[in-house]
Structures are given as structure tokens and as C-alpha cells.
Amino acid sequence: MGKPVLNVGLIGTGFMGKTHTFGFAAASRVFDLPFEVVLHTVADRTEDLGRAAAQSLGFRHGTGDWRRLVADPEIHLVDVTTPNAFHKEMSLAGLAAGKHVYCEKPLAPLASEAREMADAADLSGTKTQVGFNYLCNPMIGLAREMIEAGELGEIRTFRGIHAEDYMTDAGHPYSFRNDPVGGGVAADLGSHILATAEHLMGPIAQVLGDAVTAIATRPDGKGGSLPVATDDVTRAFLRFENGATGSIEASWIANGRKMQHDFEIYGSKGGLIFSQERFNELHFYRSEDPAGRQGFRRIEAGPAHPPYGLFCVAPGHQLGFNDLKAIEVARYLDAIAGTAPEPFNFRKGLHIQELVETILRSSREARWLSPAA
Ligand code: NAD
């Protein structure tokens, strides 16, 4: 007997829409998935965009009406890759229709909205996933394995950063990113590095934030300008539940940085250094190495770091960004099949949003705060 069919309905066909399509297509070929995945319907803002995307991305149908996609009884999984402001409405509609829902990060502009989504997901009986794809990197998996195995000894500190430069130009017009409701760099990029921090270090117990608006006004697109209330750079000191301490920085004005998602972790027996710009490598220092031979060694990704070997039999040949989405898809489908826990469900997405809001509130109140339980 063949595998059960899983019909995917994708909403949004921009950067992430393409990446998700790649993820579903590649996962079907790379992994032994529990389903036969069918790229069923894709929706965008207009019928023309929907139909054109169906053709270029390889979906059977295209539509300009995402509600029709959600209501279609043939669709099993609704995949939301639209801008943040649409995540809640589209995801809730998907859950109400009894579908599995895969939604890009951040789960919603506000934690209060993310909570509605997580509550609806808990009641739905279906499976959810938020797109924190960097966690799917085999080298992040290796880092976690080494920490858990005690190879670094007692973990003492974490230093993380997610920096890009797409808002550097003060002439960049005011947009949804500057909206006081859910805009700002802490939500957009800080969410990624917070997810990585907790993935490796365990829960964050307390934060002390410092959110800075570096560019005070931005053009309104009509010849005038608008004041900006959201953050361009946010830093936070962190105290983890396990006693370790650390910090994160999120910036979208780091001129020249295109995709810096980096961390350093130090323990009593060693240290780890990781950079997303060279994400097929992990640098490991072991204090037990003999004097005169000490130093960070570069571990290159290869088949010894699952699931790398399913993509490529040769070490050092490197995975790419889209491959991380294929891994995310495969893990999510195992959860839908009931053979694995949900890797990063809406409840976890809500938690990240709460961390972001706690950091921003801590900055306003200039004091340490604990995220909501
Ligand atoms: P984008 O602008 O490239 O694409 C958005 C798509 O949604 C476009 O095709 C647009 O036409 C469509 N859309 C907008 N309104 C719609 C509507 N009402 N109905 C149907 N389609 C609609 O944006 P993007 O960069 O792909 O970002 C989308 C989401 O992905 C955001 O939430 C963002 O935070 C997230 N994102 C995640 C990562 C990651 O690494 N996980 C990277 C980039 C973006």
C-alpha cells in the first residue's frame, strides 16, 4: 500500500513561499517521509499571482483567495508564509478548518495574538510548526549534543547575535517593520537568536533589555517623514535557569552584515564558536588538549552529522539555507504522522514572542524581568 497523501496549501509566494516549496519538494526526495506530499494549491494576493505561482512553483492549482484554499476539504496542511500581520487570521482559519498549520516566524506581531493561536492549536487536535529553520542545522544539532554530553563541562556563558543591514539606509521608507504594534528588530531578528539561545542553553529565566531607535524618522513615501518608535538595535543580558549567563544582540542596521546569526558558548572544559555565514562549521576548543597544541579546531559538516548524509555522501561539500527548510519540513511531517514530537509548535512560538516583549518592557522600565511562565 502506498503512503497516505498530504495535500499542501501554501499562502504567500515571496522569499519564504519559495523556500517552503523547496522544503516540501526536497524533503520528499531526501527523506523517507511518512506521506506522499502533494503541492496542491498556492494562494497569493490576486488570481493572476496565484496562477502564475502555481505554474512556476509546481502546484496543481493557484488562487487569489486564501480563504478558498483553507476551506478546500482536500487540503490537509495550511502553510502561512505571508507578512506577520496576516499570520494570526490565516492560521486561526486553518486550525478552525481542522488543518495542520505551518506558520513563519514571528508567530504573530503581539504575544497576545500568539497566545490565541497557541490556545487554538492546543484545542485543534492538529499539529503546528513555526519556521525557526536555523535550529535544523546539523551543526547546531552537534553543538547541542556536545553540550548535553558534557564535552564543554559546566556551561557558564552564551553570547549571541543576529545582525543584518537591510534597514541601514535612513531613506528606507517607513513600513510594517516600524509599526509600534509588532514591528522592530527584536521581533524580526531577535526572535531567531533567542530561539537558538534556548535551544542550546535551556530556558531563559530573566532578561535586562536595552532597545534603541537609531534612526529617528523615516520617509512616509509622500514627501514627508514619520517618527519611528520601534527598535533598530536591541541588546539584552540573559540569565538562564541553569545558572549560566549571557547576552544577545539583534540589529538590522549592521552595515555590511547580510546574515550574521552567531554565538559563542563557554564551559568549564571547552568552548564553541558558530557563525551562520559559515554554517557548515563548528569551532571547538578543549582545555584538556596538551599545552602547545591548544586552539579552536574547525569541525566540518559531513555525514557524521545527521541528516547531512541524506543530502550528500561527501563531507565538506556543504548544505545550503534551503536544505534547512527541507529538514524542518521532514521533522514536522514526522510529528504530523505521530512518530515524533512537534519540533517547534505554536506554544513554543508564543514563548519566543513573550521573551521579545519582556526584553522590550525591561528596556522601558530599566530593570530585570522574568518572561511570563
Ligand atoms: P515576502 O514579501 O517576500 O512574501 C510575502 C508573500 O505574501 C508575497 O508573495 C505576498 O504577495 C503574499 N501576500 C501578502 N498578502 C497576502 C494575502 N492577503 N493573501 C495572500 N498572499 C499574500 O515576505 P517574506 O520575506 O517571504 O516574509 C514572509 C514571512 O516569513 C514573514 O513573517 C517573515 O518574518 C518570515 N521570514 C522568515 C525567514 C526565516 O528564516 N524563517 C526569513 C525571511 C522571512
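Biologist: How far apart are the C-alpha centres of domain 1 and domain 2?
Modeller: Those centres lie 27 Å apart. This is a predicted model, where local features need pLDDT of at least 70, side-chain atom pairs count only at pLDDT 80 or more, and totals for chains, interfaces and linings use all residues. Residues are numbered from 1 along each chain as its sequence is written, and side-chain values use heavy atoms, with hydrogens and water left out.

Biologist: And where are the domain bounds?
Modeller: Domain 1 is 5–134 and domain 2 is 138–278 + 280–313; the bounds come from an automatic or database domain assignment.

Biologist: What area is buried between domain 1 and domain 2?
Modeller: About 1200 Å², with carbon and sulfur atoms giving 71% of that. Buried area is the accessible area (1.4 Å probe) that two parts lose on being put together, summed over both. On the domain 1 side, Val30, Phe132 and Tyr134 supply 50% of the area buried against domain 2, more than any other three residues.

Biologist: How many salt bridges between domain 1 and domain 2?
Modeller: One, counting a side-chain nitrogen of Lys or Arg within 4 Å of a carboxyl oxygen of Asp or Glu. Asp188 forms a salt bridge with Lys105, and their closest N and O atoms are 3.6 Å apart.

Biologist: Switching topic, which residues line the largest cavity?
Modeller: Asp188 turns up again, and the lining also includes Asn84, Phe176, Arg177 and Trp252. About 50 Å³ of space lies in that cavity. A cavity here is a set of points on a 1 Å grid over the protein atoms alone where a 1.4 Å probe fits but cannot get out, and lining residues have an atom within 4 Å of a point.

Terms used. On a 1 Å grid over the protein atoms alone, a cavity is a set of points where a 1.4 Å probe fits but cannot get out, and a pocket is an open set with protein on both sides within 12 Å along at least five of seven lines; lining residues have an atom within 4 Å of a point. Grid points are joined across faces, edges and corners, and a volume is the space filled by probe spheres set on the points.
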